[in-house]
Amino acid sequence: MTLSSVDREPADADPTIAVSVRNVGMRYGDFDAVKDASFDLPKGKFLTILGPSGSGKTTLLRLIAGFGEPTTGEIFINGEPVNAVPAHRRAIGMVFQRLALFPHMTAAQNIAFPLKMRRRDARTIADQVERYLDLVKLGGYGGRRIDALSGGQQQRVAIARALVFEPDLLLLDEPLAALDVKLREEMQLEFRRIQKELGVTTINVTHDQREALVVSDEVIVMNDGVIQQKAQPILAYRKPENAFVANFIGVTNFVHGIVTGVDGGVVAFRSGGKDLRGIAGGSAPQLAEGAQCSAAIRAEQIRIVTGGETPDRFEIVVEGVIADTIFEGERIVYEITVPQLAEASLRVFDHDPAAHTQFQPGARIQLGWNSKDMHVF
Amino acid sequence: MTGSRSKSIIIWTFVIASIVILSAPTIVVLGASFTAGNIITFPPEGLSLKWYGTIFGAAGLRQAFLRSLYVATICTAISIPVGTLAAIALTKYKIRFANSIQIYLLLPFTIPLISQGIGMMLFFGEMGLAGQLWPVGVACSVINIPFMIWAVTASASNLNPDLELAAANCGAPPLQTFLYVTLPAVMPGVITGSLLMFILALNEFLVSMLLVDARNVTLPVQIYNNIRSIITPDLAAVSVVFIVSAGIVIALLDRLVGLDIFLKSK
């Protein structure tokens, strides 16, 4: 037994794991698109890989699909190493970013293609195509040419084509990115419905944090080719692993300062002459006295202290000046400059602007928050 | 108001002049072919179809026409696989010597046809094939293949590379991917290119002249031989048949794939 064959054994051949990615790296020339990525995805789960463009999320997805072999590491599907298995033998359904429907075929012919390649008999193919046209609510549209379908209908054909042969795994490569907001939100829920109905393990790639939070069982946040965090959506939101994740998901404010003391999980720091406290962020915080730190706090955790409220409700109260007022419909976003915190700029929501006067730029107000909502990195 | 009016007058003058100049030879030949007299004149003396009757009765011309069709068929049959595969390879892969190949694609405009023809003549002569007809088809294919490659490249460069990945993802091995996905996607280019190759081979004069002997000539060579002895209106009629067949091909092209694809080819 050679060393490499030891490495190729999955760490734990767990039958409930659908996809296992082990130390996978992908290098193009001297650029690392994916660096040392590892994760396990249990069967039947919906995983979203979230990241900005160029973060390596699509590269990782394409490696799982079999479009290219990783430079390092190994990918396992249902416990089997698949690095040497070409894409057409992997039994993975995929919905492409630009859909990649075959333009010279009808909707039904597109959906039938994977079955035809698997040499199913004509009867089975016809039945199965009917079933999946119904599943994606396109019954009766089978004979349409692809260019005679709307954007949303084309999405549905692509989904049906990816699922019709009952694959072990469904991959979604940002197929919703090109749709308008209303249709996108509708299709997100549609993906979720179909995924639940069929119970197929799904990996979705997106740069849309809302989509990631809405549809997923698990979220992986990627940046610069590195997995930053893998967690349930609510945990990725509430307990970000590092400043990148905190910033990428949600509307996050950062206050920069110098650490003045660390006591267990609580960090004391000083920003622009004001002493603040927060909880040490991430699973392995590396904060020492005298080090630079960034403290993250969500926009919705900062409150504007209005006349009726006593500032005692908040551990921290600072004075601020409204720099900008942005009306977003269901809420107003204030950009507030805080001289006490080295001129930090904070964004704060007001969800009930009807209840009191809207603040105008230049107005002086008080802001309050609690230290437990501040994560220090 | 007057400015735009005089501008449109000038533009229309140019357009009409261009159309007249471009179509004059065709109109003259067309008119001359319907003459009732015995010499080529324009305008024709009286109207008749007698010269069309003559050419359909003339065994020499008919056989020359069949030989031209044979040459054009061979040329097209060779060009379709060679040109299609070459064009797909050129668009899809980073190929070594890609620059040299690009320069080769400019050959039809840079190397005089006569030099290429002499080269072919020597080559086929050495192989003991001089005087036979099928090498003319091969030679036409070799000389004109850049046109085929251009036509297919135009389609292939519009090909979404994800289509082939999608086919693989659907379980199609490489050969099936090519047959079911790549080939249909570049089909407009293949059709355009093959019709073009067919016309070019049908009209090919110089190369046929150099490669075939006197008993085995193609139609353009036959016409040329006839002109050298006596110019009769039957040659005008033959020319019209030629023009009409080219017109049919163009119409076919437009019907099958749309001329816009052809005009966009680079």
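User: Which residues does A:Gly225 touch, leaving out residues up to four places away in sequence?

Analyst: Two residues are in contact if their C-beta atoms, placed from the backbone, lie within 7 Å. This is a predicted model: local features need pLDDT of at least 70, side-chain atom pairs count only at pLDDT 80 or more, and totals for chains, interfaces and linings use all residues. Residues are numbered from 1 along each chain as its sequence is written, while chains are lettered from A and ligands numbered from 1 in the order in which they are written. The residues touched by A:Gly225 are A:Asp32, A:Ala33, A:Val34, A:Lys35, A:Ser55 and A:Gly56.

User: Is A:Gly225 buried or exposed?

Analyst: A:Gly225 sits in the loop between strand 9 (218–223) and strand 10 (226–231) of chain A. Helices (H or I, at least four residues) and strands (E, at least two) are DSSP runs, numbered from the N terminus. A residue is buried if 20 or more other C-beta atoms lie within 10 Å of its own, exposed if 12 or fewer, and partly exposed in between, with C-beta atoms placed from the backbone. A:Gly225 has 22 other C-beta atoms within 10 Å, so A:Gly225 is buried.

User: How many Å apart in space are A:Gly225 and A:Lys57?

Analyst: In sequence, A:Gly225 and A:Lys57 are 168 residues apart. In space, C-alpha to C-alpha, their separation is 7.4 Å.

User: What is phi of A:Glu174 near, and is A:Glu174 buried or exposed?

Analyst: A:Glu174 lies in the loop between strand 7 (169–173) and helix 6 (181–198) of chain A. Phi of A:Glu174 is near 50°, a positive value in a residue other than glycine. A:Glu174 has 21 C-beta neighbours inside 10 Å, so A:Glu174 counts as buried.

User: Where does A:Asp36 lie?

Analyst: A:Asp36 also has a positive phi, near 45°, in a residue other than glycine. A:Asp36 is partly exposed because 14 other C-beta atoms lie within 10 Å. Its place is strand 2 (residues 31–42) of chain A.

User: How far apart are the C-alpha centres of domain 1 and domain 2 of chain A?

Analyst: Chain A has nine helices and 20 strands. Chain A is divided into domain 1 (3–238) and domain 2 (251–376), with bounds from an automatic or database domain assignment. The C-alpha centres of these two domains lie apart by 39 Å.

User: What percentage of the residues in chain A are buried?

Analyst: The C-alpha atoms of chain A fill a box of roughly 75 × 60 × 35 Å, taken along the principal axes. Chain A has 377 residues, and the buried share is 40%.

User: Which element of chain B gives the largest share of the side that touches chain A?

Analyst: The contact takes 15 residues from chain B and 17 residues from chain A. On the chain B side, helix 8 (161–169) and helix 9 are the elements that give two or more residues. The largest share is six residues, and the element is helix 8 of chain B.

User: Is helix 7 of chain B roughly parallel or antiparallel to helix 9 of chain B?

Analyst: The axes of helix 7 (residues 134–156) and helix 9 (residues 174–203) of chain B come within 8 Å and cross at roughly 150°. Axes are lines fitted to C-alpha atoms, for helices over the stretch in contact, and angles run from 0 to 180 degrees between N-to-C directions. Angles under 35 degrees count as roughly parallel, over 145 as roughly antiparallel, 65 to 115 as roughly perpendicular and the rest as oblique. That angle therefore makes helix 7 of chain B, relative to helix 9 of chain B, roughly antiparallel.
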